[in-house]
There are 2 protein chains.
Amino acid sequence: MTTPLRLGIAGLGTVGAGVVKIVQTHADLLARRGGRPVVISAVSARTRDKDRGVDLSSYDWEDDPVVLARRDDVDVFLELMGGPDGPAKAATEAALAAGKDVVTANKAMLALHGQALAEAAEAAGRVIRFEAAVAGGIPVVKALTEGLAGNQISRVMGVMNGTCNYILTRMESAGLPYQTVFDEANALGYLEADPTLDVGGIDAGHKLALLAAIAFGTKVDFDAIEIEGIERISIDDIRHAADMGFRIKLLGVAQMTGRGLEQRMSPCLVPASSPLGTLENATNMVVLEGDAVGQIVLRGAGAGEGPTASAVMSDVMDIARGIRVATFGQPATGLQDARPARATAAAPYYLRIALEDKPGALAKIATALGEAGISIDRMRQYQHAETTAPVLIVTHKTTRDALDHARAGFAKTGVMVGEPVAIRIEKL
Amino acid sequence: MTTPLRLGIAGLGTVGAGVVKIVQTHADLLARRGGRPVVISAVSARTRDKDRGVDLSSYDWEDDPVVLARRDDVDVFLELMGGPDGPAKAATEAALAAGKDVVTANKAMLALHGQALAEAAEAAGRVIRFEAAVAGGIPVVKALTEGLAGNQISRVMGVMNGTCNYILTRMESAGLPYQTVFDEANALGYLEADPTLDVGGIDAGHKLALLAAIAFGTKVDFDAIEIEGIERISIDDIRHAADMGFRIKLLGVAQMTGRGLEQRMSPCLVPASSPLGTLENATNMVVLEGDAVGQIVLRGAGAGEGPTASAVMSDVMDIARGIRVATFGQPATGLQDARPARATAAAPYYLRIALEDKPGALAKIATALGEAGISIDRMRQYQHAETTAPVLIVTHKTTRDALDHARAGFAKTGVMVGEPVAIRIEKL
């Protein structure tokens with residue numbers, strides 16, 4: 001096995017440059033561990049003359065990633081361009097058709113086209129690996145696909161978008177409103193070109209959809225995820241949550257129930273001292289639950305050059321070592337259709353309501369809750385200077401149907417100012 | 001790939017019975033994921049007529065594990081008997097010689113004979129996998145060997161003995177002395193037949209030695225680990241530590257330095273609110289640090305039927321899928337000799353000293369510390385009824401040489417009662 005494993009790298013942004021650095025600096029280590037040298041044959045990116053902090057002079061250059069993907073001297077095509085369609089998908093398909101294995105960090109492409117690509121890979125006898133697509137440097141795809149292969153998985157959850165977690169923790173630590181921190185994050189280059197992908201929960205939803213497919217042996221079903229972003233979280237919510245011992249996290253949960261597959265990505269309150277509650281900045285955490293293993297928690301950097309390149313190299317080294325696992329852990333043609341189920345499990349909720357400051361207003365709200373069958377765990381009315389009184393309520397366990405019922409009741413009271421904010425509380 | 005993968009299981013204790021349950025209950029799942037059925041051909045244990053909660057009637061029985069290991073209808077030999085030598089080692093060697101792959105949960109055997117066994121496996125073209133030997137259900141061997149294969153690993157650490165962590169957390173929560181909780185744990189069957197393996201830090205040391213070999217590409221060097229158990233930890237230490245915001249954990253650390261490989265397993269104080277500090281009962285946590293990935297933290301059940309069987313099945317499923325990784329992640333014959341280095345990095349320490357209750361006693365101790373170049377961060381003298389005054393000191397960062405110097409100074413003061421207790425503080 002001394003034949004080198006030859007890489008073609010398309011995309012030389014942060015991740016691509018990080019991969020080149022590892023291949024260059026750790027050549028001996030990689031050869032020892034992989035049983036064969038790992039080398040780069042050719043690279044491709046949108047612009048050629050840009051300083052990427054790495055010496056690319058010894059690699060061939062291709063302007064077209066599709067041409068790169070088909071080169072005879074490429075064994076593994078590294079798709080590090082991103083984007084669900086366009087060049088990324090075209091080059092991935094070309095690579096598989098030309099008999100190359102594919103390693104990608106592209107969650108959007110796999111969340112939308114994973115089933116077709118996995119089938120194409122199988123038809124070609126090749127693999128698509130995507131450790132870097134989920135939770136950055138955390139080897140969670142491997143842990144779930146291989147490490148827990150003996151388990152019936154019941155639930156997968158986690159905080160998987162570093163940018164959202166950065167924004168939420170920065171709002172809290174600096175006491176800054178959402179828009180200010182959003183603008184900061186944008187200036188720092190933390191946000192995707194389309195920021196909705198991050199703050200709208202879509203990027204994290206892509207990741208959750210991929211993990212759910214592995215966990216439950218179902219076809220990737222991104223469209224069925226109930227997604228809510230962090231755009232409506234105010235600094236007040238963060239402060240009030242903190243007052244009550246909680247922190248707000250954008251949390252994804254996928255679980256198989258008797259009714260079908262529940263998948264949701266939404267802001268949740270978690271106990272401040274819980275493992276999820278202590279997550280700072282761009283750190284990610286994934287929780288895997290299986291019938292034999294119980295609960296496994298994995299934490300690490302969710303983004304950045306080194307962590308993401310580490311995950312890409314994990315896949316490359318697997319291929320060097322002859323490790324070939326099906327895209328979603330079992331034959332793609334055997335994956336079941338996911339039967340999407342609306343998440344109905346009862347949970348306590350945090351409610352923030354603004355009331356007109358008149359006698360009896362609070363009583364009307366409490367009555368509406370009671371009529372919806374929702375009982376109150378804690379309620380606080382904060383001091384206020386204006387004519388609007390902010391009221392916080394933590395409910396006992398209730399359902400979303402009951403909450404919808406209560407919302408309708410609130411609307412009829414005539415004392416509400418604006419819409420209530422309701423955030424699920426997860427006791428992890 | 002529809003040829004079944006045929007297992008021979010030697011050892012039907014908790015782990016063996018757990019593996020049988022998974023194979024029986026998840027036959028379809030395993031076949032889908034592994035690409036082939038996983039079946040059991042034969043089993044072996046010390047006593048045949050014992051109710052293990054599983055139906056073994058369809059498997060052949062062998063009294064001798066060595067005979068089991070050589071059977072023609074066994075592809076993978078599962079060594080789940082334990083013990084560093086004796087039948088476990090003999091049967092493992094027999095299995096390799098007969099061309100079988102080996103999956104084992106036996107950290108003692110691998111810590112002492114891992115190099116020879118890995119070389120034997122390579123010579124036979126077979127693999128030895130041991131996910132279950134380290135940190136129970138946490139897929140840490142896989143994460144380190146494969147998931148971080150692109151990293152130069154700098155440090156591996158963790159809480160890897162569930163029994164010790166159970167004893168320490170139970171002492172704290174119930175306010176009970178060491179011996180009482182030790183006896184409880186023994187009655188509950190939590191302790192190894194030789195309890196020193198657990199409370200003496202040896203079992204955890206075995207695990208650390210295995211991870212270090214993978215991390216640093218060095219031959220397993222268990223003998224070089226500086227090991228200290230939890231036997232000397234008193235309920236007072238636990239209370240005092242808690243008073244100051246710390247908890248005591250049996251923590252293993254292996255790190256590669258310019259001077260060589262440092263490996264130590266010892267009780268440490270960690271911040272109560274840190275990830276390690278919040279570990280309860282038999283939960284394990286492993287921290288892996290690499291140059292690209294940064295820090296990865298893995299948490300899960302460190303023992304028990306389900307978690308350990310899950311880890312065994314991870315290895316079995318790897319073999320079913322054709323995943324074949326060298327025992328320590330690279331050819332055993334290429335592993336370097338570990339150059340053991342004494343851990344000298346400075347750290348703050350917790351000191352508990354008992355003094356004769358006389359004027360000037362404390363001043364003498366403070367003077368001895370000053371003469372050793374150790375400065376004091378915090379000091380407390382607790383109320384006491386007797387003639388001995390308990391004094392606690394948290395030092396600023398200092399070295400073990402300075403501490404030894406201080407200890408010699410203490411001895412000369414003539415006011416010490418008994419030996420001082422010194423516990424390293426790790427700020428994680």
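How many residues of domain 1 of chain A are in contact with domain 2 of chain A? In this predicted model, 10 residues of domain 1 of chain A are in contact with 11 residues of domain 2 of chain A. The domain 1 side of this contact divides into 6 nonpolar, 2 polar and 2 charged residues. The C-alpha centres of the two domains lie 27 Å apart.

The domain assignment of chain A gives three segments. Domain 1 covers residues 5–133, domain 2 covers 140–302 and domain 3 covers 349–425. Chain A holds 14 helices and 16 strands. Its C-alpha trace spans about 80 × 45 × 35 Å along the principal axes. The radius of gyration of chain A is 24 Å. A compact globule of 428 residues would have a value near 22 Å, so the two agree. Buried residues make up 55% of the 428 residues in chain A. Among contacts in chain A between residues at least 6 apart in sequence, 76% join residues at least 24 apart.

Strand 13 of chain A comprises residues 349–356. It pairs with strand 15 of chain A, residues 388–395, in the antiparallel sense. This pairing runs over 7 bridges. Within it, Ile353(A) stands opposite Val391(A). Strand 13 of chain A is also joined to strand 16 of chain A, residues 421–425. Here the strands again run antiparallel, with 4 bridges between them. Leu351(A) stands opposite Ala422(A) of strand 16.

Asp357(A) lies in the loop between strand 13 and helix 13 of chain A, the latter spanning residues 361–371. A residue counts as buried if 20 or more other C-beta atoms lie within 10 Å of its own, and as exposed if 12 or fewer do. Asp357(A) has 14 such atoms within 10 Å, so Asp357(A) is partly exposed. Leaving aside neighbours within four places in sequence, Asp357(A) is in contact with Thr387(A), Thr388(A) and Ala389(A). Asp237(A) is 120 residues away from Asp357(A) along the chain. The C-alpha atoms of this pair are separated by 20 Å.

The relation between the two chains was then considered. Two copies of a chain are related by a rotation about an axis and a shift along it. For this model, a rotation of 180 degrees superposes chain B on chain A, with 0.0 Å of shift along the axis and an RMSD of 0.0 Å. That is the relation of a two-fold axis.

At the interface, 47 residues of chain B are in contact with 47 residues of chain A.

Strand 12 of chain A, residues 294–301, pairs with strand 12 of chain B in the antiparallel sense. The two strands are linked over 3 bridges. Arg299(A) stands opposite Val297(B) in strand 12 of chain B.

Definitions and conventions: Residues are numbered from 1 along each chain as its sequence is written. Chains are lettered from A and ligands numbered from 1 in the order in which they are written. This is a predicted model: local features need pLDDT of at least 70, side-chain atom pairs count only at pLDDT 80 or more; totals for chains, interfaces and linings use all residues. Copies are superposed by least squares on the C-alpha atoms of residues with pLDDT of at least 70 in both. Two strands pair if DSSP finds at least two bridges between them. Two residues are in contact if their C-beta atoms, placed from the backbone, lie within 7 Å. Domain bounds come from an automatic or database domain assignment. Ala, Val, Leu, Ile, Met, Phe, Trp, Tyr, Cys and Pro count as nonpolar, Asp, Glu, Lys and Arg as charged, and the others, Gly among them, as polar. The radius of gyration is taken over C-alpha atoms; the globule rule is 2.2 Å times the number of residues to the power 0.38.
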